Amino acid sequence: MVIDWLQIGLAQRDLQDMEGALEALERAVTANPTNPIAAFAYAQVRFETGRDTVAAFERALHLDPANPQLIRTYTAALAAEGEAERAQSILLDTLAQHPQWLDGHKSLATLRVAIGARESFDESYRRAIAALPDSLSLRLAHIHLLSTARAWEAARASVEAARQAFGPSRGLEVARVSIESEGGGPLNRDPHLFDALADWADPGLDVCRVRHALRLGNPEAALARAKPYLSTAHARMFWPYVSLCWRLLNDPLSDWLDGTAADYVRAIDLGLNAAELAELATRLRALHIAQAPYIEQSVKGGTQTDRQLFFRPIPILQRVREKIKGAVQTYLEALPAPQEGHPLLSPPRDQPILFEGSWSVLLKAGGFHSVHTHPMGWISSALHIDTPSETDAGPAPAGYLQFGEAPPELNLALGPTHQLAPKAGTLVLFPSTHWHRTVPIEAGERLSLAFDIRQPA
């Protein structure tokens, strides 16, 4: 019988058995060294587990030199292994040949931000637009990047330049109203801002409409726009805003959704001793190689690690991962009874615990997390590893983890509903739909580990 090691490796990866996946994929490459899919998968899993990967990617590229996904991950591996300049050079050369490679432009922009070159992070987009002035998709991708980076004036200028070049366009109008709503300009309180798009239904645009209605002080309209999505695959984008609407309207459903702090937010001591915490802190600090947070992240005044933290074969991390899985199981068993339609309580609780993401955050003086939620997760977390002294952190609640505060840009009179002081070795679990943030610290450093649990199917 011929064993299909490639399929076994891919299946193990899906189950997050990364060491088993790597072993199977290594056998697949050995059995068929000219198979480009096996070579790419093997390199990819080496990359995902934090191993040296450049040589494996170069073997895969020899077999499939024109694969854009392979090139993109190869350059990420180069940057991770200290060859950021070489990674930039490869991306620039590839983009010169394929200026409409949108994923490549985004990868280069992300890399430039991470190495501290934010002032020129969108340079490749500008070059490509100059070379291909008739590409609307390239312009829209550039506008989206600028909006994600909250470079509102540059985004407005790019929209205006595109409108002059292309004339009216549904895509440009969506971009324009989104920027005007979110960018703090004179139109962000215009009740008629979205009128020209009244017949256009789109989840991303409707999140913007919901936020706009809340900013205008109209939670009824925001709720009417959000509720149809609660039975769809996009529900987790809208539940946090439904929470704000129900709170503003004093609707009892707010209690059903968010519960009390004791219902859904739990602090669990993982039983890590001082030596384990010190070892964990040392290993995590070594992984913080970025100069700045990525564009999309809530981190301000600090850095976040890349790739899945729990996929790395670091013994202390794997021990903590197993402790965390046990804590998550305990959390699930203590939740109230299942309730149909509830984003936390309705999914099944008897499935394997899988991680949607795992990472570490290192905050410096003045650092904090802005108000946010985790739309890709089911249950989210914060495991504090090292915290500043009370003197360095500043007066309470400096450094605290707070829940329930509305995003400040919406100008809602909804402050935090509860808060927790950070404590080294304590894991905090909470629904991914909960609004949360950390209060800035004045001095010192705040090192934490976090993850999202994937919602079971």
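# Close-up views of a predicted model

**View 1. Arg150 is partly exposed, with a relative accessible area of 46%.** Here, partly exposed means between the two cut-offs: buried is under 20% relative accessible area and exposed is over 50%, using a 1.4 Å probe and protein chains only. Please keep in mind that this is a predicted model, in which local features need pLDDT of at least 70, side-chain atom pairs count only at pLDDT 80 or more, and totals for chains, interfaces and linings use all residues. Residues are numbered from 1 along each chain as its sequence is written, and side-chain values use heavy atoms, with hydrogens and water left out. To find Arg150, look in the loop that runs between helix H9 (136-148) and helix H10 (152-166). Helices (H or I, at least four residues) and strands (E, at least two) are DSSP runs, numbered from the N terminus. The backbone is worth a look here: Arg150 is not a glycine, yet its phi is positive, at about 60 degrees. For background, most residues other than glycine have a negative phi, and most peptide bonds are trans.

**View 2. Asn250 is another non-glycine residue with a positive phi, here about 55 degrees.** Asn250 sits in the loop linking helix H14 (235-248) to helix H15 (253-258). Is Asn250 buried or exposed? With a relative accessibility of 68%, Asn250 counts as exposed.

**View 3. A cis peptide bond joins Ala396 to Pro397.** The omega angle of this bond is near 15 degrees. Pro397 belongs to the loop between helix H19 (390-393) and strand E5 (401-403).

**View 4. Ser158 lies in helix H10 and is buried.** Its relative accessible area is 15%. Which residues does Ser158 contact, leaving aside its neighbours within four places in sequence? They are His142, Ile143 and Leu146, where contact means heavy atoms within 4.5 Å. For a sense of scale, Ser158 and Leu172 are 14 residues apart in sequence, and their C-alpha atoms are 9.9 Å apart in space.

**View 5. Ala38 is found in helix H3 (residues 36-48).** At 2% relative accessibility, Ala38 is buried. Setting aside residues up to four places away in sequence, Ala38 touches Leu6, Ala28 and Val29. Val428 lies 390 residues from Ala38 in sequence, and the C-alpha to C-alpha distance between them is 39 Å.

**View 6. Arg189 sits in the loop between helix H11 (170-182) and helix H12 (203-215).** Arg189 is partly exposed, with 44% relative accessible area. Beyond its neighbours within four places in sequence, Arg189 is in contact with His212, Arg215, Leu216 and Asn411. Ala80 is 109 residues from Arg189 in sequence and 43 Å from it in space, C-alpha to C-alpha.

**View 7. How many disulfides does the model hold?** A disulfide is taken as a pair of cysteine sulfur atoms within 2.5 Å. By this rule the count is zero disulfides. Cys208 is in no disulfide, and the nearest cysteine sulfur, that of Cys245, is 14 Å away. Cys245 is likewise in no disulfide, with the sulfur of Cys208 as the nearest one at 14 Å. Cys245 is buried at 0% relative accessibility; Cys208 is buried too, with a relative accessible area of 6%.

**View 8. Stepping back, the protein chain has 19 helices and nine strands.** Its radius of gyration is 23 Å, close to the 23 Å that the globule rule gives for 457 residues, so the chain is as compact as a globular protein of that length. The radius is taken over C-alpha atoms, and the globule rule is 2.2 Å times the number of residues to the power 0.38. Along the principal axes, the C-alpha atoms fill a box of roughly 65 × 60 × 50 Å. Buried residues account for 53% of the 457 residues. Of the contacts between residues at least 6 apart in sequence, 68% join residues at least 24 apart.
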